[in-house]
Amino acid sequence: MSETFQWDDFHKFFPASPTRKSPHRPVKRSAPDSPTNRRVRPFKPTVINDVYDDPFAPITTTNNFDLTSTNNNNNNDTLKDHVDLASSRLLAHISEQSVPTQLYGLDEEYEKLHDLLDQTVSKGESNSCLIIGNRGTGKTMLVRRVLDDLAREHNTSDQEEGFCVIRLNGLIQSTDRLALNEIARQLFERQQVDQQQEQSSRRFTSFAASFEYLLSLLKSGDKTTLPVIFILDEFDLFAQQPKQALLYNLFDAAQSAQNPMAVIGLTCRLDALLLLEKRVKSRFSHRQIYLFPPTEFEQFKELTKRTLQLRTLITDTPGYSLYADQFNTSIEELFKDTTIISIIRRIYDLTKDIRMFYKICFEPISQLSEENPFLSMNHFQETSLAQRSDSKTEILKGVSLLELILIVAMKKLLGKDINTFNFEMVYDEYKDFMNQTQVRGAGFGVRLYKRAVALKAFENLQGFELVCPVEDIAKCPKEYRMAKLMLEQNQVTEAVLKYKDCPTTIKRWVTG
């Protein structure tokens, strides 16, 4: 039996957007013919409306859900399932496999790039643009967010795409030939089967002939042809190639106003435009979008906090929604701790790169379990110390006691403004220390090794590249070849204090 559709309930699921082109746009959707025997899901502010979710799907509601209870009607509504789902979503976010639903602090940049690409996809206008910003400011994530939104707006089905995306990277496609092969490969994958058979029968005798044929394909067509969007990562590396043939032909094809094209370059160099030749620069539209890291610590702190907060979809169970609310509450309490604030402050003072915080989050998120369903401050502290550890200091943990004593002797030579030394100078310093120690009667646990044994330990340090020669190996004996220590004095002190079962005499020697 059909019922009259209630438009008031419809607006609960698709609220009006405050701006015309915000990242969360209202989606036009036809109402169901007969919502008989269907229950309406109550709208919550923490729920994200996905365009592929059906808000009129039948659901089961559970009141007063207990996180500790495992005997629920739904087999996928246990605490273990909630923790596994939350962990997978957080790991996908910090590993940059998934695109965030909202970009923090990039609304204006989003509008500019979306308008530019929307004109190419919907109206057939060719454009070019350069996105400039430091590493970790969100250049790649901004492009992915815009492309995903355009795909939802213009892709009619899974088989029919509204536009084609070609991705190139200057670190991988280091020559024009490699870039051409990658463009041809990606275009070939998007062709129909009959077109693939026709193109595979073509043979070219030279690189110039294949390049000319590919350019003729890009320049042929009109505004009704399928738009092509080129994403050039590490744009400055393409500009450093000889003659800049790839950039010239791409910008020239975009300026020909035939086949709809958009060329988007991503770079971290502010002087990227100065690297372009005059003929290439004349065909570039000079559109530039600048991305800057957070200028205040509170902005960076808010960005890191949003990284760990959970977002719920409309298809999630009520039990998971309750767990997400409690998880977000625990994150709010976590960010009131002075320890986590000091960790974030250190990252902000060093790089302002959010990906440094992502590295610290991997281990705490991986340790989420049914027994520990929320993040712990101890895990963050341990991971931060592990990330902060010096690689050379870690190597010193595995050296022998004699090798460590020789390094301390080199440190004493550095304290006397002797920057280069040979084995004989190091051994004499070590011998003087042992003589003084035995005179005072404080040489317990330390003995004077023979010269041949100490020379073997010195050669082992050269094999570890902790001691490197300063000149070419000559015909002089190896005991007299000059070398230098590749460690700072504070690194040597830290390594000795952390060395397991290190004699007290050596600790006193290294601390002066």
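The side chain of Asp316 comes within reach of the backbone nitrogen of Leu313, at 2.7 Å. Asp316 sits in the loop between strand 7 (312-313) and helix 12 (318-334). Its relative accessible area is 8%, so Asp316 is buried.

The mean pLDDT of the protein chain is 79, and 78% of its residues reach 70 or more. Over residues 10-15 the pLDDT is below 50. The model still gives this stretch 15 contacts beyond near neighbours in sequence. Residues 17-73 also have a pLDDT below 50, with 98 contacts beyond near neighbours in sequence. Where pLDDT is low, predicted coordinates should not be read in detail.

## Strand 4 between two partners

Strand 4 covers residues 228-233. Five of its six residues are buried, so the strand is mostly covered. Strand 3 (residues 164-169) runs parallel to strand 4, and six bridges join the two. One of the residues paired here is Arg167, whose bridge partner in strand 4 is Ile231.

Strand 4 also pairs with strand 5 (residues 261-267). Again the strands run parallel, joined by six bridges. Phe230 stands opposite Val263 in strand 5.

## Salt bridges

The structure holds 19 salt bridges. In one of them, the side chains of Arg135 and Glu234 meet at 3.1 Å, N to O. The pair links distant parts of the chain, 99 residues apart. Arg135 is in the loop between strand 2 (127-133) and helix 4 (139-154). Glu234 is in the loop between strand 4 and helix 8 (235-239). Arg135 has 47% relative accessibility, so it counts as partly exposed. Glu234 has 15%, so it counts as buried.

Another salt bridge joins Lys305 and Glu332, with the closest N and O atoms 3.4 Å apart. Lys305 lies in helix 11 and Glu332 in helix 12, so the pair ties together parts that are 27 residues apart in sequence. Lys305 is buried, with a relative accessible area of 13%, while Glu332 is partly exposed at 31%. Both residues belong to a network of salt bridges that links Glu302, Lys305, Arg306 and Glu332. Arg355 and Asp353 form a salt bridge too, their closest N and O atoms being 3.4 Å apart. Arg355 is partly exposed at 34%, and Asp353 is buried at 12%.

## A buried lysine without a salt bridge

Lys301 lies in helix 11 (residues 297-308). Lys301 is buried, yet has no salt bridge. Leaving aside neighbours within four places in sequence, Lys301 is in contact with Phe335, Ile341 and Ile344.

## An exposed loop residue

Asn419 is in the loop between helix 17 (401-415) and helix 18 (423-440). Is Asn419 buried or exposed? Its relative accessible area is 54%, so Asn419 is exposed. Not counting residues up to four places away in sequence, Asn419 touches Leu414, Ala483 and Lys484. Asn419 and Leu485 are 66 residues apart along the chain, with their C-alpha atoms separated by 8.0 Å.

Notes. Residues numbered from 1 in each chain as written. Predicted model: local features only at pLDDT ≥ 70, side-chain atom pairs only at ≥ 80, totals over all residues. Heavy atoms only, no water. Helix = DSSP H or I, 4+ residues; strand = E, 2+ residues; numbered from the N terminus. Buried < 20%, exposed > 50% of the residue type's maximum accessible area, 1.4 Å probe, protein only. Lys, Arg positive; Asp, Glu negative; His and termini not counted. Salt bridge = Lys/Arg side-chain N within 4 Å of Asp/Glu carboxyl O. Contact = heavy atoms within 4.5 Å. Pairing = 2+ DSSP bridges. Polar contact = N/O pair within 3.5 Å; in protein donor to acceptor, adjacent residues only side chain to side chain. pLDDT = per-residue confidence, 0-100.
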